[in-house]
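User: I am new to this structure and would like to understand what the terms used for it rest on. Please take me through it step by step.

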Amino acid sequence: MERVLIVGAGIFGTMHAYFAHAAGHDVTLIERDPRPMSASVRNFGMVAVGGRAAGEELQVALRARELWGEISRHNRALTFRPTGSIVVATAENHLEVMHQVASYPDAADRGWQVLDRQEVREMNPGLQGHKVAGGLYCSQDAVVEPDRVLSELRATMEHSERFSYFPLTAIDDVTQKGSEVVATSHDGRKFLADWAIVVPGADHATLFPGLLSSAPLRRVFLQMARLEHPGVTLTTSIASADSLRFYPGYQGEALAGLEPIRPLVRDMVMQLLLQQRVDGSLTMGDTHIYEEPFPHEMREDCYELLLDDVESIIGVRPSVQTRWNGIYSQNTTGAVCVREKADERIVVVTGPGGRGNTLSPAIAETTIKELIHA
Ligand SMILES: Cc1cc2nc3c(=O)[nH]c(=O)nc-3n(C[C@H](O)[C@H](O)[C@H](O)COP(=O)(O)OP(=O)(O)OC[C@H]3O[C@@H](n4cnc5c(N)ncnc54)[C@H](O)[C@@H]3O)c2cc1C
């Protein structure tokens, strides 16, 4: 049994804790905030396989999807819903594009199937918008609840003497001394272990800034909102046809059949993603800004455009209850993450981009194997 210290308790830190603990190790999970408040709780909770790039990214996503399923089978309290997703066609040309996309060689791995208007409504009766023309269903997609998945996963370990959790503990330094690692907190506490996994999300500045500033990483800013219960049940995750433009899994000549992109959609790199939560409310997003410094204000024109798209797809325009932003760390090479050794016994893992919730179990599984069981 090895002592494994994990700095950062977002979905990456929590999944690394889960797989280290499952492998029989003694795990200490440390979080700066009173509860994790960053990307992992600000997202849609989507386990999104459908749009992943062909090749390694899709393979890792499929492994991750399998692991999400296994984790939920072993832990019935996990709010994991394998509901699939639909990219909704709101024009005939979208459907033509979807038919071509669904003929790509790996379409079956993704569980893609093109649906006409009636089939879409049979599968997801909440899609009563006047523009719905059909859709691209992805059977592999699933969802977890971002405001509870971290505590649900921690609860699977909390009964164990081999798991400790320290919120409100900002780590200022992680150093290897001989065959041990030492993490020092802001208030001078020392945490000793055999291995350290630093999973700081989009904080590229506090720990190992030299390593992270030279890594191929950028930060990305998104606008999000919660909408009131629309009065209908959405049985799948929803994306608008604009998502075909942005997700690598759909890229190809087929996209030439899309209409010209709306200027705001182009400038803000937007698409509608819509996820009904277990309480019936909706998580709506998103936009993308890649240039720092990021704004401190949310753009209302983006929310209005997304609400127009919601109305055209579900037939009602729910009111906005809350708005927030989120920042994630994205590697710019297309790799599934940046995983860099800071020392022989210290590894830093971040940069999964907008796929971190999806990929987290597969990335954590690999880190534990490569770092400790190599
Ligand atoms: C708006 C939005 C929507 C998204 N939607 C999806 C989605 O639907 N599906 C999907 O797959 N992905 C999605 N993503 C991406 C996904 O949320 C992220 O890739 C993922 O949450 C990253 O997890 P993380 O644990 O690395 O980072 P974080 O969630 O940022 O967690 C890092 C944690 O480390 C802590 N920390 C940092 N430094 C220290 C320190 N020195 N000491 C102690 N603690 C420290 C922080 O406080 C934080 O809690 C979305 C992201 C955003 C922003």
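User: Which helices and strands each supply at least two residues of the shell around the ligand?

Analyst: This is a predicted model, in which local features need pLDDT of at least 70 and side-chain atom pairs count only at pLDDT 80 or more, while totals for chains, interfaces and linings use all residues. Residues are numbered from 1 along each chain as its sequence is written, and side-chain values use heavy atoms, with hydrogens and water left out. At least two shell residues each come from α1 (11-22), α2 (39-42), β14 (217-227), β18 (320-331) and α12 (356-371), where helices (H or I, at least four residues) and strands (E, at least two) are DSSP runs numbered from the N terminus.

User: How many residues surround the ligand, and which are the closest?

Analyst: A residue is near a molecule if one of its heavy atoms lies within 4 Å of it; 39 residues surround the ligand, and the closest are Glu31, Ser40, Met46, Gly353 and Thr358.

User: Why is the ligand said to lie between domain 1 and domain 2?

Analyst: Domain bounds come from an automatic or database domain assignment, which divides the chain into domain 1 (3-43 + 148-215 + 335-371) and domain 2 (85-139 + 217-331). Both domains give residues to the shell around the ligand, so the ligand lies between them.

User: What area do domain 1 and domain 2 bury between them?

Analyst: They bury about 1200 Å², 56% of it on carbon and sulfur atoms, buried area being the accessible area (1.4 Å probe) that two parts lose on being put together, summed over both. Arg42, Ala202 and His204 supply 41% of the area that domain 1 buries against domain 2, more than any other three residues.
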